[in-house]
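User: Could you take me through one part of this model in detail? I would like to follow a single strand and its surroundings, step by step.

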2 protein chains.
Amino acid sequence: MLEIVQKLLAGDRRALSRAMSLVEDEEPEARQIMREVHPESGKAHVIGVTGPPGVGKSTLVDALAAEYRRTGATVGIVAVDPSSPFTGGALLGDRIRMQRHTLDPGVFVRSLATRGKTGGISAATGAVAKLLDASGRDIVIIETVGAGQSEVEIMKHVASVIVVMAPGLGDDIQAIKAGILEIADVFVVNKADLDGAARTARDLESALDLRAAAAWVPPVLLTVSRSGEGVKELREKLEEHLAFLKREGGWEQRLARSARAEMEDILARKLVREVGGGDSWQRAQDHVKAVAAREMDPYTAADELVQAYLERMGAGRGRDR
Amino acid sequence: MLEIVQKLLAGDRRALSRAMSLVEDEEPEARQIMREVHPESGKAHVIGVTGPPGVGKSTLVDALAAEYRRTGATVGIVAVDPSSPFTGGALLGDRIRMQRHTLDPGVFVRSLATRGKTGGISAATGAVAKLLDASGRDIVIIETVGAGQSEVEIMKHVASVIVVMAPGLGDDIQAIKAGILEIADVFVVNKADLDGAARTARDLESALDLRAAAAWVPPVLLTVSRSGEGVKELREKLEEHLAFLKREGGWEQRLARSARAEMEDILARKLVREVGGGDSWQRAQDHVKAVAAREMDPYTAADELVQAYLERMGAGRGRDR
């Protein structure tokens with residue numbers, strides 16, 4: 001076992017941090033690290049927190065982390081900010097947050113700026129969460145900005161999904177029905193001291209009524225994360241949800257979903273690399289040029305590249321044997 | 001050639017719209033459609049418009065479309081809204097916009113809500129843009145909300161990238177340096193009638209000075225898209241950029257980049273499907289379970305699945321022949 005893995009499994013924060021950097025930067029050691037930590041992961045309660053900008057997700061995550069600390073649990077936070085190329089706000093916020101928790105070794109915060117990575121934001125987030133999990137954190141919270149597809153991918157790696165709203169978004173509840181109701185396990189109306197919180201909660205509840213009766217009906221909670229109001233109830237609901245998952249088989253299902261998402265990503269990267277010939281796609285240069293020049297369509301090109309790969313691997317001619 | 005392709009190549013709007021739906025829904029015919037339109041694409045000037053929420057991208061895109069129409073060019077607009085699960089705003093805006101252009105057959109507007117699609121928002125956007133291109137639109141404008149990774153992927157399919165800012169975001173210019181300067185071909189400070197526009201433009205320009213001298217230095221333009229101020233200059237700059245690309249070889253490079261992005265996507269989907277055994281991953285069920293139960297790590301599982309695939313295809317044993 002790699003020394004860095006031994007150390008991070010023993011709870012060494014510097015080794016954990018270093019392993020995250022290696023994974024984020026897609027260094028060669030990353031694969032071996034992820035291989036070795038895998039058997040030690042799958043224990044933490046991984047919680048996803050998502051919602052539109054401005055609803056106070058970061059503050060809520062902080063308050064929830066503090067609440068979990070109060071019960072003695074250790075916490076890891078992964079803050080994903082896919083919008084950082086424009087706002088940059090999360091990075092600054094993260095530094096402030098880091099300072100807040102810096103004296104408590106029970107909280108480990110990591111922000112991810114994975115824009116442009118080949119592996120994708122979802123793969124990197126899943127890997128960093130798994131490192132926290134393997135390092136012995138009881139609770140891993142993944143916080144993302146509400147930006148569509150990446151969220152849905154990221155949420156494949158979590159056991160409980162919290163969707164955070166705030167008063168004043170009430171008119172948009174109609175739109176929410178489209179996609180979020182299916183992935184939310186707990187709804188939180190944060191900033192509940194503002195006007196309209198009760199109405200937002202009611203709107204969410206009546207939208208939920210339209211859902212087919214399910215074994216777990218997502219509760220709608222009110223919080224004021226700055227004062228901590230409602231955060232204890234949120235933690236209790238999350239523990240209820242965890243118990244429900246473990247009782248009803250959902251826990252294994254979610255681990256399987258996460259495993260499959262990870263395997264799909266590994267497979268896609270591995271195969272595209274092998275077929276295309278490394279990062280530079282040197283083997284496929286002629287095909288890329290032919291497709292760009294409209295002399296060949298990309299599906300035919302993909303078929304030919306796969307055929308050439310199979311022949312390199314000893315197949316191709318022998319398909320009928 | 002499919003009848004729907006014949007019709008859309010001839011400029012039939014209903015066939016174009018129907019083809020887009022088939023592609024968006026990943027229907028079986030989509031592959032054949034995309035195959036057949038490919039040779040007819042690669043002619044339009046595909047322009048990407050991105051920037052943070054609230055800077056007036058949609059209004060600017062409308063004004064730019066109207067400006068191109070004034071010169072007699074036909075226009076297709078693809079509005080990508082990865083944040084729609086939360087805001088829903090784009091859909092409504094799109095309907096209003098549709099009504100505005102509804103009497104002008106020279107403008108075709110399509111909004112994409114691709115959240116959760118396996119192929120990804122970038123692949124669907126590229127395909128819809130290609131359909132517009134093949135249908136004979138001179139200009140195809142892709143509008144996206146600024147949300148990180150998806151943007152960077154989407155921008156692989158465009159020839160010119162416009163990054164839109166607005167006054168008041170000035171403090172965040174530092175953050176912009178990180179990622180956007182590299183992809184922008186033209187900067188627009190929209191809402192230039194508000195205070196601070198000149199300062200935002202200056203900040204952008206001095207950030208640009210930090211870039212290594214390049215053959216094309218992105219201009220910084222001021223627009224007020226509601227009144228149309230500066231939009232003619234924007235169109236002229238885009239035409240200059242197009243001429244620059246064609247003169248300096250950038251046009252072929254960008255077509256190749258788009259071809260490669262499309263091929264990578266097709267390859268990844270094809271191979272993962274073949275290795276995993278279709279959408280249900282029935283062949284890989286045991287491996288998924290073993291990984292979820294931590295009896296096997298996902299890299300070993302991926303290796304074994306690829307090996308089994310190669311053996312099915314006639315390779316494997318014969319690798320050394």
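**Strand β5 of chain A and its sheet**

Let's start with one pair of residues in this predicted model: A:I47 stands opposite A:S160 in β5(A). The partner strand here is β1 (residues 45-50) of chain A, which is joined to β5(A) by 4 bridges, with the two running parallel. On to another neighbour: β5(A) also pairs with strand β6 (residues 186-189) of chain A, again over 4 bridges and in the parallel sense. In that pairing, A:I162 is opposite A:V186 of β6(A).

Now for the side chains of β5(A). In a regular strand, side chains alternate between the two faces of the sheet. Here A:S160, A:I162 and A:V164 point one way, while A:V161, A:V163 and A:M165 point the other way, and all are buried. Why is β5(A) described as largely enclosed by the rest of the structure? Because 6 of the 6 residues in this strand, residues 160-165 of chain A, are buried.

Stepping back, β5(A) belongs to an open sheet of 7 strands in chain A, with parallel pairing and the order β3-β2-β4-β1-β5-β6-β7. The edges are formed by β3 (107-112) and β7 (220-222) of chain A, each of which pairs on one side only. On average, neighbouring strands of this sheet are turned by 20° against each other, direction ignored.

Two helices are worth a look next. Helix α4 (residues 57-70) of chain A packs on the sheet and touches β1, β2 (75-80), β3, β4 (139-144), β5 and β6 of chain A. The direction of α4 makes about 175° with that of β4(A). Helix α11 (residues 231-248) of chain A packs on the sheet too, touching β1, β5, β6 and β7 of chain A. For α11, the direction makes about 170° with that of β6(A).

How values were computed:
Residues are numbered from 1 along each chain as its sequence is written. Chains are lettered from A and ligands numbered from 1 in the order in which they are written. This is a predicted model: local features need pLDDT of at least 70, side-chain atom pairs count only at pLDDT 80 or more; totals for chains, interfaces and linings use all residues. A residue is buried if 20 or more other C-beta atoms lie within 10 Å of its own, exposed if 12 or fewer, and partly exposed in between; C-beta atoms are placed from the backbone. Two strands pair if DSSP finds at least two bridges between them. Axes are lines fitted to C-alpha atoms, for helices over the stretch in contact, and angles run from 0 to 180 degrees between N-to-C directions. Two residues are in contact if their C-beta atoms, placed from the backbone, lie within 7 Å.
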